[in-house]
Amino acid sequence: MSDVYSDDWICTRLGEDAEHFLGAVHPPVYENSLFTFPDTAALGKALRAEDENFVYWRGTNPTVALVQDKLAALERAERAKCFGSGMGAISATISSQVAAGDHVLAVGAIYGPTTSFLRYLTKFGVTHTHAADLDQARELIRPETRLVYFESPTFMAFRVLEIAAVVELARAHGAVTVMDNTWATPLFQKPITLGVDLVVHSLSKYIGGHSDLVGGVVCGSAALVRPLSLVEYQLYGAAMSPHDAAKVVKGLRTLGVRMAAHGERALRVAEFLDAHPRVRSVRYPGLPGHPDHELARRQLSGFSGLFAFELDTEDVSLVEKFVDSLRHFRIGVSWGGYESLVNAPAVTVEESVRATMGIPVGLVRLSVGLEDGETLVADLAAAFEALG
Ligand SMILES: Cc1ncc(COP(=O)(O)O)c(C=O)c1O
């Protein structure tokens, strides 16, 4: 896909030729589960390339295909395939690239269920290793490493990995790279232009943007995405519904303005926390004091609203008190919607699991939403006061 069109045009116009839809201002939803054909030969022909023809919902659907075209264009990929969840996309993508005897190297902290999926694959003879960072990845990569998986910024740690360097390492060992780009969205980071083979997203976060859908996507070359569309997508059955696809179409219309606003409010909140005496550190790559800020500025064209900070306490009950004192931030998992959210792993995640992830007791994760930044800062200030 050429990049002659702006991201804004891709988000709001690509594939939406109103004259095909009676001038409708947004495309109609194809909610039929199957399509019929004039004769058996036509059905047979369609079935032979089911990823390109509309036959049955579990294969593909015009509303879902519209979203795929937009996301492929945004990621500068040849193809995209949407799934019923981010994990649907991640598990199908990883399993499409590995076989018994292969090794997967994960670089930096990654989303918990992705790690669980790598663990699950051991029963099929696929092993994995976790490297804390790129230096350790150079030591841990093996001749049988077939896939290098990473996120940037990394999960919970919010460290920034140099994408081109991860790609270089993987290529030197004949491995494919798969990167989760959910945090930045394709508006702020385009890993395929830096050589990443396959990019996955949870559409349930910023791209959907309204906490009203669960979805996922993988973007990459036709040579990699076509086979997994025909095999893993079809066989695992994590199909995206056209209704969710229609919500993604609407989410994309405002993605640009929402991401700018998330970034602006998150920076305001991060600066407030950074200056607060009860805060040990703020893990927001948009702050000049973040250890990877310079790399982040080179690699990202913007910063989203999800980050963590560490309260200066080893007392879980104080962390709980702080979080429960917040009135505006709501307590919940996930992120990327309008509403600001808070989550304290010390309270919600088992200690042994937290220890393996290197998450300190005082860590608090915020998803800064679209409310007024001053309201959010006032809410946090009141929660600090409640600590006494
Ligand atoms: C970074 C990241 N990737 C993937 C996922 C999985 O996405 P989904 O919940 O849509 O399956 C999540 C969900 O929280 C996530 O945070």
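**Figure 1. Phe155 and the residues it touches.** Leaving aside residues up to four places away in sequence, Phe155 touches Ala109, Ile110, Tyr111, Gly112, Met357 and Arg365. This is a predicted model, so read each of these close-ups as a prediction. Phe155 itself sits in a loop, the one running between β4 (145-151) and α7 (163-172). Is Phe155 buried or exposed? Its relative accessible area is 17%, and the cut-off for buried is under 20%, so Phe155 counts as buried. Take Ile110 from the contact list: 45 residues separate Phe155 from Ile110 along the sequence, yet their C-alpha atoms are 4.9 Å apart in space.

Figure 2. The peptide bond leading from Ser152 into Pro153 is cis, and its omega is near 0 degrees. Met156 has its place in this loop as well. Its backbone is worth a look: phi of Met156 is near 65 degrees, a positive value, and the residue is not a glycine. Why point these out? Most peptide bonds are trans, and most residues other than glycine have a negative phi. Met156 is buried, with a relative accessibility of 8%.

**Figure 3. Leu22, a positive phi in an exposed residue.** Here is another residue that is not a glycine but has a positive phi: for Leu22 the angle is about 55 degrees. Leu22 is found in the loop that links α1 (7-12) and α2 (40-48). Is this residue buried or exposed? Leu22 has 90% relative accessibility, so it counts as exposed. Met156, by contrast, counts as buried.

**Figure 4. Thr115 in helix α5.** Thr115 belongs to helix α5, which covers residues 112-120. Which residues does Thr115 touch, once those up to four places away in sequence are set aside? They are Ile110 and His130. You've met Ile110 already, as one of the residues that Phe155 touches. Thr115 has a relative accessible area of 12%, so it counts as buried.

**Figure 5. Val225 in helix α9.** You'll find Val225 in helix α9, made up of residues 222-230. Its relative accessible area is 1%, which means that Val225 is buried. Not counting residues up to four places away in sequence, Val225 touches Arg79, Ala80, Lys81, Leu198, Cys219 and Gly220. Ala238 is 13 residues from Val225 in sequence, and the two C-alpha atoms are 15 Å apart in space.

Figure 6. How many disulfides does a search of the whole structure find? The count is 0. Cys219 is in no disulfide, and its nearest cysteine sulfur belongs to Cys82, 7.8 Å away. For Cys11, the closest cysteine sulfur is in Cys219, but the distance is 12 Å, so that pair is too far for a bond. Both residues are inside: Cys219 is buried because its relative accessibility is 0%, and Cys11 is buried because its relative accessible area is 2%.

Figure 7. Ala49 has its place in the loop between α2 and α3 (62-74). With a relative accessible area of 16%, Ala49 counts as buried. How many residues lie between Ala49 and Leu230 in sequence terms? They are 181 residues apart in sequence, while their C-alpha atoms are 8.4 Å apart in space.

**Figure 8. The whole protein, for orientation.** Zoom out and you have 17 helices and 12 strands. The C-alpha atoms fill a box of roughly 75 × 55 × 35 Å along the principal axes. The radius of gyration is 21 Å, which agrees with the value near 21 Å for a compact globule of 388 residues. Of those residues, 56% count as buried. Among contacts between residues at least 6 apart in sequence, 72% join residues at least 24 apart. The accessible surface comes to about 16,400 Å², and carbon and sulfur atoms account for 54% of that. As for charge, the mean positions of the 34 positive and 46 negative charges are 3 Å apart.

Key:
Residues are numbered from 1 along each chain as its sequence is written. This is a predicted model: local features need pLDDT of at least 70, side-chain atom pairs count only at pLDDT 80 or more; totals for chains, interfaces and linings use all residues. Side-chain values use heavy atoms; hydrogens and water are left out. Helices (H or I, at least four residues) and strands (E, at least two) are DSSP runs, numbered from the N terminus. The radius of gyration is taken over C-alpha atoms; the globule rule is 2.2 Å times the number of residues to the power 0.38. Buried means under 20% relative accessible area, exposed over 50%, partly exposed in between (1.4 Å probe, protein chains only). Contact means heavy atoms within 4.5 Å. Accessible areas come from the Shrake-Rupley method with a 1.4 Å probe; for residues, only the protein chains shown count as cover. Lys and Arg count as positive and Asp and Glu as negative; His and the chain ends are not counted. The place of a charge is taken as NZ of Lys, CZ of Arg, CG of Asp or CD of Glu. A disulfide is a pair of cysteine sulfur atoms within 2.5 Å.
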